[in-house]
Amino acid sequence: MKGKICYVCGKEDLNKNEIGLTKKLLNKDAKWFYCIDCLAEYLEVTTEELLAKIDEFKAEGCKLFG
Ligand SMILES: [Zn+2]
(Lines give C-alpha, C1' and ligand atoms only; values in the text may rest on other atoms or scores of the structure.)
Protein backbone atom coordinates (compact mmCIF):
# COMPACT_ATOMS: atom_id res chain seq x y z
CA MET A 1 0.00 0.00 0.00
CA LYS A 2 1.28 3.41 -0.93
CA GLY A 3 1.93 5.89 1.86
CA LYS A 4 -0.11 9.04 2.35
CA ILE A 5 1.07 12.24 0.72
CA CYS A 6 0.94 15.77 2.13
CA TYR A 7 -1.85 17.60 0.37
CA VAL A 8 0.07 20.91 0.50
CA CYS A 9 3.74 20.19 -0.25
CA GLY A 10 3.55 16.68 -1.67
CA LYS A 11 5.84 15.11 0.92
CA GLU A 12 5.49 11.35 0.64
CA ASP A 13 5.09 8.60 3.19
CA LEU A 14 3.61 10.65 6.00
CA ASN A 15 4.23 8.97 9.32
CA LYS A 16 1.60 7.71 11.71
CA ASN A 17 1.83 10.82 13.87
CA GLU A 18 1.27 13.18 10.96
CA ILE A 19 -1.74 11.20 9.80
CA GLY A 20 -2.98 10.97 13.38
CA LEU A 21 -2.71 14.73 13.89
CA THR A 22 -4.67 15.47 10.74
CA LYS A 23 -7.40 13.12 11.89
CA LYS A 24 -7.40 14.31 15.47
CA LEU A 25 -7.15 18.07 14.86
CA LEU A 26 -8.98 18.47 11.56
CA ASN A 27 -11.25 15.62 10.64
CA LYS A 28 -11.35 12.02 11.74
CA ASP A 29 -12.54 11.04 8.28
CA ALA A 30 -9.91 13.15 6.54
CA LYS A 31 -9.05 12.18 3.00
CA TRP A 32 -6.39 14.86 2.67
CA PHE A 33 -3.42 14.77 4.99
CA TYR A 34 -0.79 17.28 6.03
CA CYS A 35 2.83 16.77 6.97
CA ILE A 36 3.70 18.25 10.34
CA ASP A 37 5.24 21.40 8.86
CA CYS A 38 2.25 22.20 6.66
CA LEU A 39 -0.18 21.37 9.45
CA ALA A 40 1.65 23.75 11.79
CA GLU A 41 1.44 26.49 9.17
CA TYR A 42 -2.24 25.78 8.50
CA LEU A 43 -3.10 25.89 12.20
CA GLU A 44 -0.77 28.84 12.82
CA VAL A 45 1.17 27.07 15.53
CA THR A 46 4.76 25.86 15.72
CA THR A 47 5.98 22.37 14.88
CA GLU A 48 7.13 22.11 18.50
CA GLU A 49 3.58 22.73 19.71
CA LEU A 50 2.31 19.96 17.47
CA LEU A 51 5.00 17.59 18.72
CA ALA A 52 3.90 18.41 22.26
CA LYS A 53 0.31 17.62 21.21
CA ILE A 54 1.42 14.26 19.87
CA ASP A 55 2.97 13.48 23.25
CA GLU A 56 -0.26 14.53 24.98
CA PHE A 57 -2.39 12.32 22.76
CA LYS A 58 0.00 9.41 23.25
CA ALA A 59 -0.17 9.92 27.01
CA GLU A 60 -3.96 9.69 26.74
CA GLY A 61 -3.47 6.37 25.01
CA CYS A 62 -4.77 7.53 21.64
CA LYS A 63 -4.31 4.72 19.12
CA LEU A 64 -3.75 7.13 16.24
CA PHE A 65 -0.23 7.86 17.48
CA GLY A 66 2.72 5.59 17.95
ZN1 LIG B 1 3.60 19.29 3.68
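Good morning, colleagues. Please bear in mind throughout that the structure before you is a predicted model.

I begin with the overall architecture. The protein chain contains three helices and zero strands, and along the sequence these elements give the pattern α-α-α. The radius of gyration is 11 Å, close to the 11 Å from the globule rule for 66 residues, so the chain is as compact as a globular protein of that length. Of the contacts in the chain with a separation of 6 or more, 41% join residues 24 or more positions apart.

Let me turn to the interior. Buried residues account for 23% of the 66 residues. Which residues make up the largest nonpolar core? It has 10 members: Cys-6, Leu-14, Leu-21, Phe-33, Tyr-34, Cys-35, Leu-39, Leu-50, Ile-54 and Phe-65. I would draw your attention to one of them, Leu-39. Once neighbours within four places in sequence are set aside, Leu-39 is in contact with Leu-21, Thr-22, Tyr-34 and Leu-50. Leu-21, Tyr-34 and Leu-50 also belong to that core.

Finally, I come to Lys-63, which lies in the segment after helix 3 (47–59). Is Lys-63 buried or exposed? Lys-63 has 9 other C-beta atoms within 10 Å, and because a count of 12 or fewer marks a residue as exposed, Lys-63 is exposed. Its C-alpha atom is separated by 19 Å from that of Trp-32, a residue 31 positions away along the chain.

Thank you for your attention.

Key:
Residues are numbered from 1 along each chain as its sequence is written. This is a predicted model: local features need pLDDT of at least 70, side-chain atom pairs count only at pLDDT 80 or more; totals for chains, interfaces and linings use all residues. A nonpolar core is a set of buried Ala, Val, Leu, Ile, Met, Phe, Trp, Tyr and Cys residues joined through C-beta atoms within 7 Å. A residue is buried if 20 or more other C-beta atoms lie within 10 Å of its own, exposed if 12 or fewer, and partly exposed in between; C-beta atoms are placed from the backbone. Two residues are in contact if their C-beta atoms, placed from the backbone, lie within 7 Å. Helices (H or I, at least four residues) and strands (E, at least two) are DSSP runs, numbered from the N terminus. The radius of gyration is taken over C-alpha atoms; the globule rule is 2.2 Å times the number of residues to the power 0.38.
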